[in-house]
Amino acid sequence: MTLAKRIIPCLDCENGRVVKGVKFLDIRDAGDPVEVAKRYCDQGADEITFLDITASHEGRETTIDTVKAIAGQVFIPLTVGGGIRTLQDIREMLNAGADKVAINTSAVTNPDFVKQASEKFGSQCIVVAIDAKKVSAEDEPDKWEIFTHGGRNPTGLDAVEWAKQMVAFGAGEILLTSMDRDGTKDGFDLKLNRAISEAVTVPVIASGGVGNLQHLVEGITEGKADAVLAASIFHFGEYSIPEAKKYMAGKGIVVRE
Amino acid sequence: MNRVAVIDYGMGNLHSVAKAIEHVGENLQVCVTADEKTIMDAHRIIFPGVGAMRDCMGEIKRLGIDDMLRRLVEDRPVFGICVGMQALLEHSEENNGIDCIGLIKGNVKRFPENMSNEQGERLKVPHMGWNEVTQTSTHPMWSGIADGSRFYFVHSYYVVPESADEIVGESSYPETFTAALAAPNVFAVQFHPEKSQTAGLQLYKNFLSWDGGC
């Protein structure tokens, strides 16, 4: 009996549609989020992550409706992120049917928010999303910094130290995205992932850069991730979830059949 | 009409529990409620829970849910889930020690720090994700669910019932722990059936026809 490593398809949604960009630009339409989520669930995805990249107020209403619709049909864990700023935002998403919320920018601007959120709703539903970019030169020891606003704003925060602080504040899980790799299909930043996974006590989800199934395997074996998140390889039909699981199982990784 | 009450004491999202039951049942009324009359009028009770035990027990006592449960288990099926399962025991280590409802003899313990598996890999706490559940004894609630099916867990504490006879399902992380227990009119699981896809939905389906016997 062993805990399975998780495969998590990610739905980046804007104004009620699944989209996927490269390095947060060049948006492509990838379908209706409810249909996409249901398809992944039926295929054996272990969780679904829904990231709302809509900025407008009207868009938020759409998002809540979409989360409700997904939660009524998908009986696996659902994480919702994007624009979570207040305890009320968290309550709304949980009431709409989310199991966890991912907090990103607000954790940086107000770290106490993570503490308040985990005390109020329990660590099990508080995921802290970390967007990190390598800032060390080739001949220097590895160093990654936290960026916000889709990778535009540097914060001066060291990614490993930040992850540890977020766990101390009650984060139940870390969703770690490499800004250098996101959308590139070059694979996860394995050193970054490993550094953070070994530094914290909670599960780490590797994100950013998956281009093939071997990348998923490496995220777990070398990046020490507890779960791997990917978007475009699944959205555009390059690989299916069962193919990914079969490949990972063939490499000795325990997955849910 | 099968009336199901999902006991709501303000801890966590219960919509997914209600939606899962509605998804598998027919001629059904599901109420997410803390209202004593609604709960006492229901044929079947779901007792879920997430979050910290101190806060859970505080609300359970404030709303009188502990007394209600003692009466409910006398004559109708009760299904405890996650922290709802843990709250049925006598005492939890969480929050420096909290007395619980005590319907089942035994305690709630935390996974130790610095656990590792056979390969020497460090195991994280919370135990989060899909793990296999071995059915250690036959039970009507396991009907139609393959032994060893994976269910979705997210927890840092687990129950240790005093009587091993009450254990009906086990999982391991890396040591064996109780994943499901049963007593007359009580079935309780550490995992989340509402998040465990086919096997989890089958468990709710079984609950809707379970007569409370073992």
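Phe187(B) is buried, because its relative accessible area is 0%. Keep in mind that this is a predicted model. Phe187(B) sits in strand 16 (residues 186-189) of chain B. What about Trp210(B): is it buried or exposed? Trp210(B) has 3% relative accessibility, so it counts as buried.

These two residues belong together. Their ring centres are 6.3 Å apart, and their planes stand at 75°, so the pair is edge-to-face. Trp210(B) lies in the segment after helix 6 (197-209) of chain B, so the pair with Phe187(B) ties together parts that are 23 residues apart in sequence.

Over all chains, a search of the whole structure finds 16 aromatic pairs. One of them joins Phe111(B) and Tyr158(B). Here the centres are 5.0 Å apart, and the angle between the planes is 35°, which makes the pair tilted. Where do these two residues lie in chain B? Phe111(B) is in the loop between strand 7 (106-110) and strand 8 (115-116), while Tyr158(B) is in strand 13 (residues 157-161). The parts they tie together are 47 residues apart in sequence. Both Phe111(B) and Tyr158(B) are buried. They also belong to a cluster linked by ring pairs.

Now turn to the place where the chains meet. Chain A gives 41 residues to the contact, and chain B gives 33. Between them the two chains bury about 2,900 Å². Carbon and sulfur atoms account for 53% of that area.

How many salt bridges cross the interface of chain A and chain B? The rule finds 2. In a salt bridge between Lys124(B) and Asp226(A), the closest N and O atoms are 3.2 Å apart. Polar contacts cross the interface as well, in 20 residue pairs. On chain A, several helices each supply at least two residues of the side that touches chain B: helix 1 (33-43), helix 2 (57-71), helix 3 (87-96) and helix 7 (190-199). That side of chain A divides into 19 nonpolar, 9 polar and 13 charged residues.

One more residue of chain A deserves a look. Asp12(A) is placed in strand 1 (residues 6-14). Asp12(A) counts as buried because its relative accessibility is 13%, and the limit is under 20%. Which residues does Asp12(A) touch, leaving out those up to four places away in sequence? They are Arg17(A), Val18(A), Val19(A), Lys20(A), Leu51(A) and Ala231(A).

Note on methods. Residues are numbered from 1 along each chain as its sequence is written. Chains are lettered from A and ligands numbered from 1 in the order in which they are written. This is a predicted model: local features need pLDDT of at least 70, side-chain atom pairs count only at pLDDT 80 or more; totals for chains, interfaces and linings use all residues. Side-chain values use heavy atoms; hydrogens and water are left out. Contact means heavy atoms within 4.5 Å. Buried area is the accessible area (1.4 Å probe) that two parts lose on being put together, summed over both. A salt bridge is a side-chain nitrogen of Lys or Arg within 4 Å of a carboxyl oxygen of Asp or Glu. A polar contact is a pair of N or O atoms within 3.5 Å; within protein, one must be able to donate a hydrogen and the other to accept it, and residues adjacent in sequence count only if both atoms are side-chain atoms. Helices (H or I, at least four residues) and strands (E, at least two) are DSSP runs, numbered from the N terminus. Ala, Val, Leu, Ile, Met, Phe, Trp, Tyr, Cys and Pro count as nonpolar, Asp, Glu, Lys and Arg as charged, and the others, Gly among them, as polar. Buried means under 20% relative accessible area, exposed over 50%, partly exposed in between (1.4 Å probe, protein chains only). Rings of Phe, Tyr and Trp (its six-membered ring) pair if their centres lie within 6.5 Å; planes under 30 degrees apart count as stacked, over 60 as edge-to-face and the rest as tilted.
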